[in-house]
Amino acid sequence: FKTGQHTMQNAAEKKQFDCIVVGGGAFGLAAISAMADLGITKSILLEKKKQLGSALQKSGESILLSGKAFTGEGLLKQFHTLLKIYAVQTAVGKEVLSFTYREKEDYPYQVEVKNTESGVISCLYGKILLLSFSKKEAPLSSGMALPKERKGSLYLADQTQSIREALEAGGKVGRQIGEKLLSQKNKFYS
């Protein structure tokens, strides 16, 4: 049914994720890749621009990771390969319209997004929400407030200075989220 200009999805159409990562820059790519390395692949990476990692593509900085030197563009190719291998979803050209935290829900974060080309609005649902963007790069509608921290399920990116710092911090946060989700799954199965 329709409410105002927004088409709401019924329960059968809900898209549910362990983690929704908003911002497809170096921090977000590193975070979702670290989660995937731990086996957390029911996640999605949202980016407002038409491509992921635009700063990585433009970077002339040589980035040393795991003892190997990468160009920004080379590292971006590595991320794309990793996300493809793990079948982690990415969605580019998605503007976040709103965040809602819904108490006592298995997937408490509702994120309403608009396709920047078609204008189609949809809702995604997540157990954990990671906001991985700088204020100037925020993929949010103007004037939209960020959600409040709820029981360790909301993570905000550090304001880092370099791509390397963003990669390191994103990887660290991604591992923390992945470990938290794994411990929740282990409790469920034990």
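Predicted model: local features only at pLDDT ≥ 70, side-chain atom pairs only at ≥ 80, totals over all residues.
Q: How many residues of helix 1 are buried?
A: Eleven of its twelve residues are buried, so helix 1 is largely enclosed by the rest of the structure.

Q: Which ones are they?
A: In helix 1 the buried residues are Ala26, Phe27, Gly28, Leu29, Ala30, Ala31, Ile32, Ser33, Ala34, Met35 and Ala36.

Q: What span should helix 1 have, and how far apart are its end C-alpha atoms?
A: Helix 1 covers residues 26–37, and at 1.5 Å a residue it should span 16 Å. Its end C-alpha atoms are 16 Å apart, which agrees with that expectation.

Q: What comes just after helix 1?
A: Gly39 is found just after this helix, and its phi is positive, at about 95°.

Q: Where is Ala87, and is it buried or exposed?
A: Ala87 sits in the loop between helix 3 and strand 7, which spans 89–92. Ala87 counts as exposed because its relative accessibility is 57%, and the cut-off for exposed is over 50%.

Q: And Lys104, where does that sit?
A: Lys104 belongs to the loop between strand 8 and strand 9. With a relative accessible area of 83%, Lys104 is exposed.

Q: Where is Arg102?
A: Arg102 lies in the loop between strand 8 (94–101) and strand 9 (109–115).

Q: Is Arg102 buried or exposed?
A: Arg102 counts as buried, because its relative accessibility is 17%, and the cut-off for buried is under 20%.

Q: What does its side chain reach?
A: The side chain of Arg102 reaches the backbone oxygen of Tyr107 at 2.4 Å. Arg102 also meets the side chain of Glu105 in a salt bridge, at 3.9 Å from N to O. Glu105 is partly exposed, with 40% relative accessibility.

Q: How many salt bridges are there?
A: The count comes to five salt bridges. One of them joins the side chains of Lys127 and Asp18, at 3.5 Å from N to O. Lys127 lies in strand 10 (residues 121–131) and Asp18 in strand 3 (residues 15–22), so this pair ties together parts that are 109 residues apart in sequence.

Q: Which residue does Lys114 form a salt bridge with?
A: Lys114 forms a salt bridge with Glu95, and their closest N and O atoms are 3.9 Å apart. Lys114 lies in strand 9 and Glu95 in strand 8, so the pair ties together parts that are 19 residues apart in sequence. At 29% relative accessibility Lys114 counts as partly exposed, whereas Glu95, at 14%, counts as buried.

Q: Changing topic to pockets, what volume does the second largest pocket have?
A: The second largest pocket has a volume of about 420 Å³. It is lined by 17 residues, and the closest to its centre are Ser33, Asp37, Leu65, Ser66 and Phe79.

Q: Which helices supply the lining, and what kinds of residue are in it?
A: Helix 1, helix 3 (72–85) and helix 4 (163–189) each supply at least two residues of this pocket's lining. The lining divides into eight nonpolar, five polar and four charged residues.

Q: Last topic, loops. Where are Val120 and Gln159?
A: Val120 is in the loop between strand 9 and strand 10, and Gln159 is in the loop between strand 11 (154–156) and helix 4. Val120 is exposed, at 52% relative accessible area, and Gln159 counts as exposed at 51%.

Q: How far is Val120 from Lys94?
A: Their C-alpha atoms are separated by 9.7 Å, and the two residues are 26 residues apart along the chain. For Gln159 and Ala169, ten residues apart along the chain, the C-alpha separation is 9.6 Å.

Conventions. Residues numbered from 1 in each chain as written. Heavy atoms only, no water. Helix = DSSP H or I, 4+ residues; strand = E, 2+ residues; numbered from the N terminus. Buried < 20%, exposed > 50% of the residue type's maximum accessible area, 1.4 Å probe, protein only. Polar contact = N/O pair within 3.5 Å; in protein donor to acceptor, adjacent residues only side chain to side chain. Salt bridge = Lys/Arg side-chain N within 4 Å of Asp/Glu carboxyl O. Expected span 1.5 Å × (residues − 1). 1 Å grid on protein atoms, 1.4 Å probe; cavity = no way out; pocket = protein on both sides within 12 Å on 5 of 7 lines; lining within 4 Å. Points joined across faces, edges and corners; volume = space filled by probe spheres on them. Nonpolar A, V, L, I, M, F, W, Y, C, P; charged D, E, K, R; others polar.
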